[in-house]
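Work through each task with the sequence and the coordinates open, then compare with the solution.

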Amino acid sequence: MKLTPKSWRSIAFPALTLLSAITLYGCQTTIRTMGMGPPMGSATDVADSQDVWSALQKARLVGSQAEKSKPYMGSPPHGKVLEILHKQITVNGHKGMAIVKRNYGGPGVSINSVGANRSKYLKAITVMYKRETGYDAEDKNWFWAKYKPNGSLHVKEKMGMKIQLAGRVAKGKPEGCISCHQGAPGGDFVFANGIQIR
Ligand code: HEC
């Protein structure tokens, strides 16, 4: 076979593709085994999210016995109709503020329809929970989580990895809970008015 520029390319491209696939796979394995993954979604983060969920249930911030507040019209990335509640909760002996945002959506969603039937429109529950000093000092020690109505976590797919949305979510990344909430007025990552954290 004469190695024309065209036939050269037909060999080089598949070879390069294969090589990059192998490299990517290798990197992912290294990240997983060395614990160098993103500062979220680890087994500890998932376990913590379950402890937080139980405490939220007890405090009647989530679940079938959850208290109600006033739903209002929201904007992306949170739902079309939102509802915020907050309370101090205790998780594994640590007492801290929990802010719960219920995100409602789907066909026919409106303040009235949500008021009439919350569970029909509930899509996600995004939570900030103030952890012990030193958990994430740079970012005000918030634990972040995005739950489904049944208390399991929402998952984000990135580079073939499934990342559970709990922990220091997307710390150091230009998009995500932490980087967006960094812009909230008052310096404590909270947008809503009238929530006294300490
Ligand atoms: C692109 C920006 C952005 C991202 C990303 C984002 N939020 Fe928010 N979040 C907001 C804004 C703006 C508000 C308040 C305004 C509103 O929606 O009513 C808010 C409100 C909240 C509140 C109520 C307390 C407050 O700050 O007002 C919680 C809890 C919350 N977000 C959790 C999360 C979690 C958990 C994530 C990640 C899974 C996340 N947010 C990602 C912008 C963002």
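**Exercise 1.** Which exposed residues does the face of H2 turned away from its buried side carry?

Solution. Two conventions come first. The model is predicted, with local features requiring pLDDT of at least 70 and side-chain atom pairs counted only at pLDDT 80 or more, while totals for chains, interfaces and linings use all residues. Residues are numbered from 1 along each chain as its sequence is written.

Step 1: Helices (H or I, at least four residues) and strands (E, at least two) are DSSP runs, numbered from the N terminus. A residue is buried if 20 or more other C-beta atoms lie within 10 Å of its own, exposed if 12 or fewer, and partly exposed in between, with C-beta atoms placed from the backbone.

Step 2: list the buried side. In H2, the buried residues are Asp 45, Asp 48, Ser 49, Val 52, Trp 53, Ala 55 and Leu 56. Viewed down the axis of H2, these buried residues fall within an arc of 165° (taken over the directions from the helix axis to the C-beta atoms), so they line one face of the helix.

Step 3: read off the other side. The face turned away carries the exposed residues Ala 43, Ala 47 and Asp 51.

**Exercise 2.** Check the length of helix H2 against its end-to-end distance.

Solution. Helix H2 covers residues 43–58, which is 16 residues. The expected span is 1.5 Å times one less than the number of residues. After H2 comes Arg 60, with a positive phi near 60°.

**Exercise 3.** What covers the buried residues of H2? Follow Ala 55 as an example.

Solution. Step 1: the cover includes strands S2 (81–91), S3 (94–104), S4 (122–130), S5 (142–147), S7 (161–164) and S8 (166–167).

Step 1: Ala 55 lies in helix H2. Ala 55 has 22 C-beta neighbours inside 10 Å and therefore counts as buried.

Step 2: count as contacts those pairs whose C-beta atoms, placed from the backbone, lie within 7 Å. Not counting residues up to four places away in sequence, Ala 55 touches Ile 89, Thr 90 and Val 91. Val 91 is 36 residues from Ala 55 in sequence, yet their C-alpha atoms are 6.3 Å apart.

**Exercise 4.** Which residues of the largest nonpolar core touch the most other members?

Solution. Step 1: a nonpolar core is a set of buried Ala, Val, Leu, Ile, Met, Phe, Trp, Tyr and Cys residues joined through C-beta atoms within 7 Å.

Step 1: the largest such core has 37 residues, and those touching the most other members are Val 52, Leu 56, Ala 98, Val 100, Val 127, Trp 144 and Ala 145. Two or more residues each come from H2, S2, S3, S4, S5 and helix H5 (177–181).

Step 2: take Ala 98. Neighbours within four places in sequence aside, its contacts are Leu 56, Leu 61, His 86, Lys 87, Ile 89, Val 127 and Tyr 129.

**Exercise 5.** How many residues surround the ligand, and which are the closest?

Solution. The shell has 24 residues, with Thr 126, Cys 177, Cys 180, Phe 191 and Ala 192 closest.

Step 1: the shell divides into 16 nonpolar, 6 polar and 2 charged residues. Here Ala, Val, Leu, Ile, Met, Phe, Trp, Tyr, Cys and Pro count as nonpolar, Asp, Glu, Lys and Arg as charged, and the others, Gly among them, as polar. S2, S3, S4, S5 and H5 each supply at least two residues of the shell.

Step 2: Cys 177 is in helix H5 and counts as buried because 25 C-beta neighbours lie inside 10 Å. Beyond four places in sequence, Cys 177 is in contact with Trp 144, Val 169 and Ala 170.

Notes: Contact = placed C-beta atoms within 7 Å. Near = placed C-beta within 6 Å.
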